[in-house]
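I am opening my notebook on a structure that is new to me, and I want to write down what I looked up, step by step.

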Amino acid sequence: MPEPAPQPALLLDDYLGLIDDSCVAILPHVLRIAAELGVADVLADGPRAADEIADAVGAHPDALHRLLRALASVGVLTEEGARVFRLTPAGHRLRAGAEGSVRTSLLNVESQRAWLRGIDTFRTGRSVFDDQHGGFFAHKDADGASDQAFLQRMRERAARLYPRFATDTDWSECGTVMDLGGGDGYQLDAILRRAPRLRGVLFDRPAVVASVRAAGTFDGRACELAAGDFFERVPAGADTHLLCSVLHDWTDDQCVSILRASRAALEPGGRLMIVEMLVPEDGSWHPSKWSDIGMMVLTGGRERSAREFEALLAEAGYTLSAVRAVPDSAFSVLEAK
């Protein structure tokens, strides 16, 4: 089920009251430290005493106990007796490879450092990566380790935020599904497992495709790996195109270029499916309004409303045909023909 909506007033009161010492300010750092130490992995098989955990992860006993106590206060752990701690379901998500894992995402200090320059975005309207690296994805192309970490974060993101897209979509009228900007192939792999008769095409930057090929994810399966630039050209031959958490990385003009390349390559009668959060057009709470700020600062992109997507699709030659919510998710699927 989706996470319950936070109570914005409580979050704001906590932060404005204690600022640097508030839970809102410190929690991301505590979670990152716990993930880096491997606390959840040590506790995977059951409760342990704080001193045992400290010894296992190489931490100072008193310092670690204080961290564990704080994590228990927000439901990542439970304290069972004096200084004995057990993982909660939320705590298991700090484990590497666990269902709904967020470990790689928590270790993303690169984005945390970028936020220190976030004021530059609000002065210039440009991503903080533009001046120093020539853009977010140019930086990924130039730094293989950073790119691999990014791909793992995107895998975690898809797995926890819209897992039912693959399982709840009707693939019966599809023959070849091309995942544009499909990363390490997590989403396409899930779809091909759901509907094994399908042929797949994974399309992404050359460095990404090379890493997928080396990993052998699709060896022996009906899936082609295609490298290129989706601003210029998309390979022909697919009757279904996917853009999952891709368009929010880009400006409106860049999105139109991507969509036009898709439209030109899509087989007659085919369909495009876009998976994104939709910004509500009222003042209600929605995570898209916060992700929108993140996209602006880090990639130069934005989150959009359904009406904004419809306009972009029309400019690229598509007609929006359906919008449906992904079950148990803040995300929606927009279908276009």
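**Between the two domains**

I began with charges, and across the interface of domain 1 and domain 2 I found zero salt bridges by the rule. I keep in mind that this is a predicted model. Polar contacts were next on my list, and between domain 1 and domain 2 I counted two residue pairs, both at pLDDT 80 or more. I then sorted by class the residues on the side of domain 1 that touches domain 2, and I noted two nonpolar, three polar and two charged residues there.

**Where the domains lie**

I went back to the division of the chain, in which domain 1 covers 8-104 and domain 2 covers 136-336. The contact, as I noted, takes seven residues from domain 1 and six residues from domain 2. For the spacing I looked up the C-alpha centres of domain 1 and domain 2, which lie 33 Å apart.

**Buried area**

Domain 1 and domain 2 bury about 490 Å² between them, and I noted that 64% of this is on carbon and sulfur atoms. Which residues of domain 1 lose the most area to domain 2? I found Pro8, Ser101 and Thr104, which together make up 69% of what that side buries.

**An annotated stretch**

Last, I checked the UniProt record, an unreviewed entry, which lists residues 26-93 as "domain: O-methyltransferase dimerisation". In the model I read residues 26-93 as 60% helix and 13% strand, with the end C-alpha atoms 19 Å apart.

How values were computed: Residues numbered from 1 in each chain as written. Predicted model: local features only at pLDDT ≥ 70, side-chain atom pairs only at ≥ 80, totals over all residues. Heavy atoms only, no water. Domains from an automatic or database assignment. Contact = heavy atoms within 4.5 Å. Buried area = accessible area lost by both parts, 1.4 Å probe. Salt bridge = Lys/Arg side-chain N within 4 Å of Asp/Glu carboxyl O. Polar contact = N/O pair within 3.5 Å; in protein donor to acceptor, adjacent residues only side chain to side chain. Nonpolar A, V, L, I, M, F, W, Y, C, P; charged D, E, K, R; others polar. UniProt positions renumbered as here; feature names shortened; annotations may be inferred. Helix = DSSP H or I, 4+ residues; strand = E, 2+ residues; numbered from the N terminus.
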